[in-house]
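Hi everyone, thanks for coming. I'd like to walk you through one model today, starting with charged pairs and then moving on to strands and packing. Please have a look at it first.

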Amino acid sequence: RATRLGISTFCYPYAVGVPGFVPRRPMTACELVDRAADLHVPVLQIGDNLPLHLLPEDTLEQLSRRAAERGITLEIGTRGIAPEHLLRYLQIAGSLHADLVRVVIDTPQDRPDFDEILRRLRAVLPQYEAQDVTLGIENHDRFPANTFARLMDGLHSDRTGIVLDTVNSFACEENTRQVLERLGPYTVNFHAKDFDIVRVPNAMGLLVTGTPAGKGRLHIPEILSELSRTARSDFTTVLELWMPPEPTVEQTIVKENCWVLQSVEYLEAVLRNHRQFLKKQEESS
């Protein structure tokens with residue numbers, strides 16, 4: 001399976017703005033399109049930290065035009081699976097020519113059980129299938145990998161898949177290998193989010209923290225190799241970062257940009273080697 005590289009709004013959480021950390025002028029969706037183009041990255045994934053359903057229609061139209069002008073493919077995302085909300089994002093996907101809607105199931109106010117999740121997703125899948133838009137469910141914190149695999153099997157649709165973020169599953173005490181083996185066959189999007197595990201200063205505990213891609217413990221080349229064999233379709237590889245902030249907003253945003261540049265450079269090198277490996281395999285078969 002082939003993959004394309006992307007950046008995400010979760011590469012720039014501080015520039016976009018997070019609760020308790022708001023820059024003077026938050027980065028806009030159109031500016032993120034320009035950043036992706038300047039980085040020569042073909043995909044931009046707009047996550048729930050920049051909620052598109054809150055933007056005016058003329059802003060969405062401007063975003064669609066900018067992405068087309070700069071040659072950037074958009075993927076969009078949200079949090080929460082109320083059917084009317086998912087159908088609103090299907091409408092937004094159509095206006096932005098996006099073929100993936102990435103979804104985190106839970107919100108602070110809504111944590112549906114397994115049967116309710118199935119019911120809600122089945123209610124909207126016919127419309128997603130009719131528009132050839134994939135609903136990508138992110139493995140996120142509350143459920144182990146087996147539950148997400150059961151969900152995929154229960155939905156049984158070519159227009160559903162897994163947004164694979166192996167670091168999220170640490171919350172369920174599952175490691176990268178366990179998650180990859182169980183969810184790799186359903187993957188439509190891979191979040192390349194590198195990490196380290198360090199002991200806290202007083203030695204009484206461990207901290208999972210982010211690193212630039214290639215500087216941590218996530219074995220990205222091995223994951224891409226595995227997904228190229230097991231994923232049921234081509235997929236995108238999208239950078240995300242868990243970066244600790246600096247003392248000031250300005251210092252944090254400078255550091256954030258440095259991490260993105262460093263990470264994209266690393267991922268581009270990994271993907272070049274990955275494509276060369278796949279080409280040699282095809283030539284020898």
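Let's begin with D34 and R70, whose side chains meet in a salt bridge at 3.0 Å, N to O. By salt bridge I mean a side-chain nitrogen of Lys or Arg within 4 Å of a carboxyl oxygen of Asp or Glu. This is a predicted model, in which local features need pLDDT of at least 70 and side-chain atom pairs count only at pLDDT 80 or more, while totals for chains, interfaces and linings use all residues. Residues are numbered from 1 along each chain as its sequence is written, and side-chain values use heavy atoms, with hydrogens and water left out.

Back to our pair: D34 sits in helix α2 (residues 29–38) and R70 in helix α3 (residues 57–70), so distant parts of the chain are linked, 36 residues apart. Helices (H or I, at least four residues) and strands (E, at least two) are DSSP runs, numbered from the N terminus. D34 counts as buried because its relative accessibility is 19%, whereas R70, at 36%, counts as partly exposed. The cut-offs are under 20% relative accessible area for buried, over 50% for exposed, and partly exposed in between, with a 1.4 Å probe and protein chains only.

What covers α2? Its buried residues are covered by elements including β1 (3–8), α1 (13–16), β2 (43–46), α3 and β3 (73–79). Seven of the ten residues of α2 are buried, among them C30, L32 and V33. After α2 comes H40, with a positive phi near 60°.

Now for the strands. β2 and β3 pair in the parallel sense over four bridges, and Q45 has E75 of β3 as its bridge partner. Pairing here requires that DSSP finds at least two bridges between two strands. β3 also runs parallel to β4, again joined by four bridges, with V103 in β4 as the bridge partner of T78. The chain gets from β3 to β4 through helix α4 (residues 83–96), in a right-handed β-α-β crossover. β2, α3 and β3 make a right-handed β-α-β unit too. Right-handed means that, with the strands pointing away from the viewer, the path from the first strand over the helix to the second runs clockwise. As for β3 itself, five of its seven residues are buried.

How many salt bridges does a search of the whole structure find? It finds 22. One of them joins R102 and E138, with the closest N and O atoms 2.6 Å apart. R102 is in strand β4 (residues 100–104) and E138 in strand β5 (residues 134–138), 36 residues apart, and both residues are buried.

E240 and K193 form another, at 3.9 Å between the closest N and O atoms. E240 lies in the loop between β10 (235–239) and α9 (249–284), and K193 in the loop between β7 (187–192) and β8 (195–199), so the pair ties together parts 47 residues apart in sequence. Both E240 and K193 are buried. Through shared partners, salt bridges join R102, E138, D165, K193 and E240 into one network.

Last, the packing. The largest nonpolar core has 82 residues, of which Y12, Y128, L151 and F190 touch the most other members. Such a core is a set of buried Ala, Val, Leu, Ile, Met, Phe, Trp, Tyr and Cys residues joined through side-chain atoms within 4.5 Å. Helix α5 (residues 114–130) gives the most to this core, with seven residues. Thanks, everyone!

Conventions: Contact = heavy atoms within 4.5 Å.
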